[in-house]
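Open the model in your viewer and keep the sequence panel beside it. Follow the stops below in order.

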Amino acid sequence: MAGTESSTELLNPYQKHRVLVCIQDADRLLTEIEHILDSTNSRSPFPKYIADVSPRQRERMEESIAAMRQNLLEVLERLDIAVPPPQISALHAVQASLDFVDIAITEMRPKHLRGYGEVKATAVSELNQAVEELESTVGSMYRELNGGERTE
């Protein structure tokens with residue numbers, strides 16, 4: 001019996017924390033599987049994965065993931081480990097990702113490409129126009145999120 005912990009508890013606080021971290025890691029990996037499955041239906045022009053999962057396999061995986069998550073929650077409940085609430089604002093996370101999209105687009109400007117060789121004069125206006133169009137789209141996305149202006 002150690003210090004102030006209850007003799008009826010199965011695990012001490014450090015053990016509970018470790019179990020929680022392991023279960024959160026398993027859930028994170030399940031989320032990655034979901035993203036992989038979802039990405040096969042993505043409209044991205046640069047798909048990472050080949051769409052070789054059949055609809056039936058996808059359905060079975062989704063059912064298995066849901067069952068696994070239920071099992072993970074049951075383990076936490078049996079071990080008297082609380083599920084922590086979400087800590088990150090989805091709005092803030094999307095805004096931060098848009099910031100990185102904006103940076104990636106800005107790096108397409110001719111002045112950023114000069115380190116890779118001379119940029120042809122005919123390409124300068126084409127690049128600047130493409131960046132302005134893309135930045136305009138990012139600006140629209142910021143406004144949709146914020147109901148107006150981009151937040152800094």
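Select Lys16. Is Lys16 buried or exposed? Lys16 is buried, because its relative accessible area is 13% (buried means under 20% relative accessible area, exposed over 50%, partly exposed in between, with a 1.4 Å probe and protein chains only). Lys16 sits in helix 1 (helices are DSSP runs of H or I with at least four residues, strands are runs of E with at least two, and both are numbered from the N terminus). Now show what touches Lys16. Leaving out residues up to four places away in sequence, Lys16 is in contact with Glu9, Leu11, Leu79, Asp80 and Ile81 (contact means heavy atoms within 4.5 Å).

This is a predicted model, in which local features need pLDDT of at least 70, side-chain atom pairs count only at pLDDT 80 or more, and totals for chains, interfaces and linings use all residues. Residues are numbered from 1 along each chain as its sequence is written, and side-chain values use heavy atoms, with hydrogens and water left out.

**Two partners of Lys16**

Go to Asp80. Asp80 lies in the loop between helix 2 and helix 3. Asp80 is exposed, at 54% relative accessible area. Check its backbone: Asp80 is not a glycine, yet its phi is positive, about 60°.

Next, pick Ile81. What does Ile81 touch, not counting residues up to four places away in sequence? Its contacts are Lys16, Val19, Leu20 and Leu76.

Step on to Ala82. Ala82 is in the loop between helix 2 and helix 3 (90-106). Ala82 counts as exposed, at 60% relative accessibility.

**The cores**

Select Leu20, Ile23, Leu30, Ile65, Leu72, Leu76 and Ile81. These seven residues make up the largest nonpolar core (a set of buried Ala, Val, Leu, Ile, Met, Phe, Trp, Tyr and Cys residues joined through side-chain atoms within 4.5 Å). Helix 1 and helix 2 each supply at least two residues of this core. A second, separate core has five residues, including Ile105, Val131, Val138 and Tyr142. In soluble globular proteins, nonpolar side chains tend to be buried together.

**The largest pocket**

Show Leu20, Ile23, Gln24, Asp27, Arg69, Leu72, Leu73, Leu76, Val83, Pro84, Pro85 and Pro86. They line the largest pocket. On a 1 Å grid over the protein atoms alone, a pocket is an open set of points where a 1.4 Å probe fits, with protein on both sides within 12 Å along at least five of seven lines; lining residues have an atom within 4 Å of a point. Helix 1 (13-39) and helix 2 (55-78) are the elements that give two or more residues to this lining. By class, the lining has nine nonpolar, one polar and two charged residues (Ala, Val, Leu, Ile, Met, Phe, Trp, Tyr, Cys and Pro count as nonpolar, Asp, Glu, Lys and Arg as charged, the others, Gly among them, as polar).

**Helix 5**

Jump to Gln129, in helix 5 (residues 121-146). Gln129 is partly exposed, at 43% relative accessible area. Leu145 is 16 residues away in sequence and 25 Å away in space, C-alpha to C-alpha.

**Zoom out**

Color by secondary structure. The chain has five helices and zero strands. Its radius of gyration is 24 Å, well over the 15 Å that the globule rule gives for 152 residues, so the chain is more spread out than a compact globule (the radius is taken over C-alpha atoms, and the rule is 2.2 Å times the number of residues to the power 0.38). The C-alpha atoms fill a box of roughly 75 × 45 × 35 Å along the principal axes. Of the 152 residues, 16% count as buried.
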